[in-house]
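Me: Can you walk me through a few spots inside this protein? I'd like to see how the pieces pack together.

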Amino acid sequence: MLYTGLRCLMGPDWNKLKPGIARLGLDSDKVEEFEPLARAKPGCRVLICEEDPRRFLTSFFAAMRKDCAIFLCNPGWSRHTWQQVISIARPHFVAGNPPPGALDDNNPADAADTPAIMIPTSGTGGAIRFAVHTWESLGTAARGFLEFFAETPPNSYCVLPLFHVSGLMQVVRALQGEARVDFFDLKTPPAGQAPAFNPGDFIISIVPTQLWRLLAEPHYAAWLKTFRYVLLGGGPAEAGLLDAARAKNIRLAPCYGTTETAALVAALKPEQFLAGAKGAGYPLPHARIFIRDEKGGPTEPGCHGSITVEAGSLSHGYYGEEPVIPGTAFATGDEGCFDDEGSLHVLGRTDRIIISGAEKIDPRTVEEALRATGLVADILIFAQPDSEWGQRVVALYVLKDPNAGAEKLRQSARERLDPHQVPKKWIQVERIPRNALGKVDPGNLPKE
């Protein structure tokens, strides 16, 4: 589907961006002469599949310079997911190396699209969708971030993938604020020691799963403490995790945003966090956040409901689907509430609720109770179909000691949880299949 009426990605701003591109360690001349896109014309669909950050950015800016329709892709996607992506994007050009066979059946249409940036997000059941952004929507989010924190534009130590909005926005903010971005692969850090990098005037963005793992290693906990501040997003963080970070005096800035909102629309400043403030913080200047009840009406502070966002950073819908009318509020699919101080509390996805034997079960409650036992290194609670109960509660877990604790964990669950909350099925694994953002693809979970 062609997206009409979206502003050109770069236009007259290209020369203004050249100094920022140089700060990212890129040669703007090489970007403009990028060979794989030498024949690309405005509106050509370009699929970017690069794991190395600088190769990714070279491809990305070259495609922007050509006014292409850009699709950001995860090199680690399964073959099944790649089949979805190719059928959606029908690329004219590919920058990078998708897995063998991914492009075998690609027959791109001749028609070109309006220039835009397509950022992947998971839909119902894990199906891939691409949120349609422009340089304007991403820039709006970046300016709101810089205004909210009201400080010298921060340098970023990026440990998140650039195909994800939380990684890409670190680059956009740096370009808006004349700052630097350094890159590091946190999936394979040096054993027993923190990276050989002095944070100085840098910030870092991580997700709760990463914070759990870093706090468990004294060297990393001390290293995190030296950052200007630590943005924490990607999902609700448990109270125990936040208390542990506060006890170590880590300048945490819990935050909230989605792919569709171009990342952050709410944040808590580190000074507020260390002073004991709760939640994901307050709306950024470019965004308005509402909590709606089941009938779509507003809720009172402390009352849960669906989180809805109005912002200039909102995407224009999903590629291949009907464009969103400008000014339309975005229903995030997340549940939350505001406290009496006006801070947003994000409780998780509204669709995560498990209904077993007519009882509603919040997986987060079960996960938090089992983490509190101190026996698990990682835990995920989800539902499987059950002929008797409708849905059964399943625990996928990693023990801290692989050879001991399974029975003790079950016993603790019976002591800490109501009978209907106790998992009916336990699956011990060596590792829960999470991505770099700590999220699990529903398609990778056991079905039976």
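Me: Which residues does L72 touch, leaving out residues up to four places away in sequence?
Reply: This is a predicted model, where local features need pLDDT of at least 70, side-chain atom pairs count only at pLDDT 80 or more, and totals for chains, interfaces and linings use all residues. Residues are numbered from 1 along each chain as its sequence is written, and side-chain values use heavy atoms, with hydrogens and water left out. Contact means heavy atoms within 4.5 Å. On that basis, the partners of L72 are I48, F56, F60, W77, I117, M118, I119, P120, F130, L162, F163 and L168.

Me: Is S343 buried or exposed?
Reply: Buried means under 20% relative accessible area, exposed over 50%, and partly exposed in between (1.4 Å probe, protein chains only). S343 has a relative accessibility of 1%, so it counts as buried.

Me: Which backbone nitrogen does the side chain of S343 reach?
Reply: S343 touches K278 and G281, among others. Its side chain has a polar atom 2.8 Å from the backbone oxygen of K278. At 3.2 Å, that side chain also reaches the backbone nitrogen of G281.

Note on methods. A polar contact is a pair of N or O atoms within 3.5 Å; within protein, one must be able to donate a hydrogen and the other to accept it, and residues adjacent in sequence count only if both atoms are side-chain atoms.
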